[in-house]
Amino acid sequence: MREGDKAFGSFYLSYTPASTDNYWIGGFQIDKDYQGKGLGSQSLYMILESIQEKHPQCQIISLTVEKSNARARALYEKIGFINQELENQNGEVIYKMKLK
């Protein structure tokens with residue numbers, strides 16, 4: 001993710017080809033100097049749009065977040081991700097979003 005000629009964040013997408021529900025956004029982060037400017041929301045919307053364009057069969061996208069990261073959890077919930085009240089093997093909370 002870039003603003004002008006500066007990178008301000010990154011992420012990766014893990015998925016199982018031809019699946020409808022095994023898509024995971026991982027490593028999503030915004031540099032601390034760029035946080036609080038709405039770039040996280042804008043970036044997430046762009047990521048979701050790109051997934052829908054490149055993987056039209058995708059119906060569910062998932063991600064995890066550290067329990068203590070209240071800002072990230074609020075961002076994901078604002079975008080429409082739902083806390084599954086489950087944790088992965090690292091104790092991170094699992095969120096899912098149903099795509100239209």
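Biologist: Where does Ser-41 lie?

Modeller: Ser-41 is in helix α1. Helices are DSSP runs of H or I with at least four residues, strands are runs of E with at least two, and both are numbered from the N terminus. This is a predicted model, with local features needing pLDDT of at least 70 and side-chain atom pairs 80 or more, while totals for chains, interfaces and linings use all residues. Residues are numbered from 1 along each chain as its sequence is written, and side-chain values use heavy atoms, without hydrogens or water.

Biologist: Is Ser-41 buried or exposed?

Modeller: Ser-41 is buried, at a relative accessible area of 12%. Buried means under 20%, exposed over 50%, and partly exposed in between, with a 1.4 Å probe and protein chains only.

Biologist: What does Ser-41 touch?

Modeller: Leu-75, Lys-78 and Ile-79 are what Ser-41 touches, leaving out residues up to four places away in sequence. Contact means heavy atoms within 4.5 Å.

Biologist: On to α2, then. Which of its residues are buried?

Modeller: Helix α2 covers residues 70-79, and its buried residues are Ala-72, Arg-73, Leu-75, Tyr-76 and Ile-79. They sit on the same side of α2, because they cover an arc of only 160 degrees around the axis. That arc is taken from the directions running from the helix axis to the C-beta atoms.

Biologist: And what is on the face turned away from that buried side?

Modeller: Ala-70, Arg-71 and Lys-78, which are exposed.

Biologist: Which residue just after α2 has a positive phi?

Modeller: Gly-80, with a phi of about 125 degrees.

Biologist: Let's do the sheet. What is the strand order?

Modeller: The order is β3-β4-β5-β7-β6, in an open sheet of 5 strands with mixed pairing. The edge strands are β3 (9-15) and β6, each of which pairs on one side only. Two strands count as paired if DSSP finds at least two bridges between them.

Biologist: How many bridges join β6 to β7?

Modeller: There are 3, and the two strands run antiparallel. In one of these pairings, Ile-82 has Lys-96 in β7 as its bridge partner. The hairpin of β6 and β7 has 5 residues between the strands, and in this hairpin Gly-91 takes a positive phi near 80 degrees.

Biologist: Which strands do the helices lie across?

Modeller: Helix α1 lies across β3, β4, β5 and β7, at about 155 degrees to β4. Helix α2 lies across β4, β5, β6 and β7, at about 20 degrees to β7. The angles run from 0 to 180 degrees between N-to-C directions, with axes fitted to C-alpha atoms, for helices over the stretch in contact.
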